[in-house]
Amino acid sequence: MDFKQVLDNKIADHNLLNHPFYQAWSAGELPIKALRAYAREYGAFISTIPKGWDTLDDAETAAEETEHIDMWADFADGLDTTVSEAQIPQVKALLETADELFSEPATALGALYAFEAQQPATAQSKLAGLKAFYQLPETVEPYFETHSHNEHEAEKLLERIGALPSESHTTVVQACEQMSTALWDALTGIHDAECA
């Protein structure tokens, strides 16, 4: 089994496309107030992504991810809200996990892969849901449009992981699993707070 398969298997246990929150979104069944909460809360996580790339000394991707924070702010603005400090416990836990994992190269690689490998599919699903079911300003779409065909980050991470000494591989896999779980749990927290 190749290394990509090992990581993808860890992600599959918490595949965000299968989460009730994203399923309700893509079916147009998510209340606007839940989208607002998501934009506010999850935006706090989106703003941590450049740190992971900085830890990998990838200034170009870190700069790109910093631009994406502004796109996320436009998404929030289109929903009449702003990104703010996380209030939901599971989102706070995600931020703590990201802060910890993004501080060392091996764990940053695994954690970023857990997020970036899923992003094109989740962005496509969310964008389709927004277009089909929600009458919102077009400013809510660019973040998801950009990420719906953005596979190069995951490929770049796999290349870097492949260059690591084999004794680092367990650390990478554990970080991938930890981040996959934290991402899933954050969505559960938002879903429970807004849709229960």
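A: Helices here are DSSP runs of H or I with at least four residues, strands are runs of E with at least two, and both are numbered from the N terminus. This is a predicted model, in which local features need pLDDT of at least 70 and side-chain atom pairs count only at pLDDT 80 or more, while totals for chains, interfaces and linings use all residues. Residues are numbered from 1 along each chain as its sequence is written, and side-chain values use heavy atoms, with hydrogens and water left out.

On a 1 Å grid over the protein atoms alone, a cavity is a set of points where a 1.4 Å probe fits but cannot get out, a pocket is an open set with protein on both sides within 12 Å along at least five of seven lines, and lining residues have an atom within 4 Å of a point. Points are joined across faces, edges and corners, and the probe spheres set on them fill the volume.

The largest pocket has a volume of about 240 Å³, and of its 15 lining residues Lys4, Asp8, Tyr113, Ala117 and Gln118 are the closest to its centre. Helices α1 (3-12), α8 and α10 (152-162) each supply at least two residues of this lining, the largest share, four residues, coming from α1. By class, the pocket lining holds nine nonpolar, two polar and four charged residues (Ala, Val, Leu, Ile, Met, Phe, Trp, Tyr, Cys and Pro count as nonpolar, Asp, Glu, Lys and Arg as charged, and the others, Gly among them, as polar).

One cavity of 30 Å³ or more is counted, and about 70 Å³ of space lies in the largest cavity. Its lining includes Tyr38, Trp72, Gln118, Gln119 and Tyr143, and α3 and α8 are the elements that give two or more residues to it. Eight nonpolar, three polar and one charged residues make up the cavity lining.

Gln119, among the cavity's lining residues, belongs to helix α8 (residues 119-133) and is buried, with a relative accessible area of 6% (buried means under 20%, exposed over 50%, partly exposed in between, for a 1.4 Å probe and protein chains only). Beyond its neighbours within four places in sequence, Gln119 is in contact (heavy atoms within 4.5 Å) with Tyr143 and His147.

Trp72, also in the cavity lining, is one of the buried residues of α5, as are His68 and Phe75. What covers these buried residues includes α3 (32-46) and α9 (142-147), whereas the face of α5 turned away from the buried side carries the exposed residues Ala59, Glu60, Glu67, Asp70 and Asp77.
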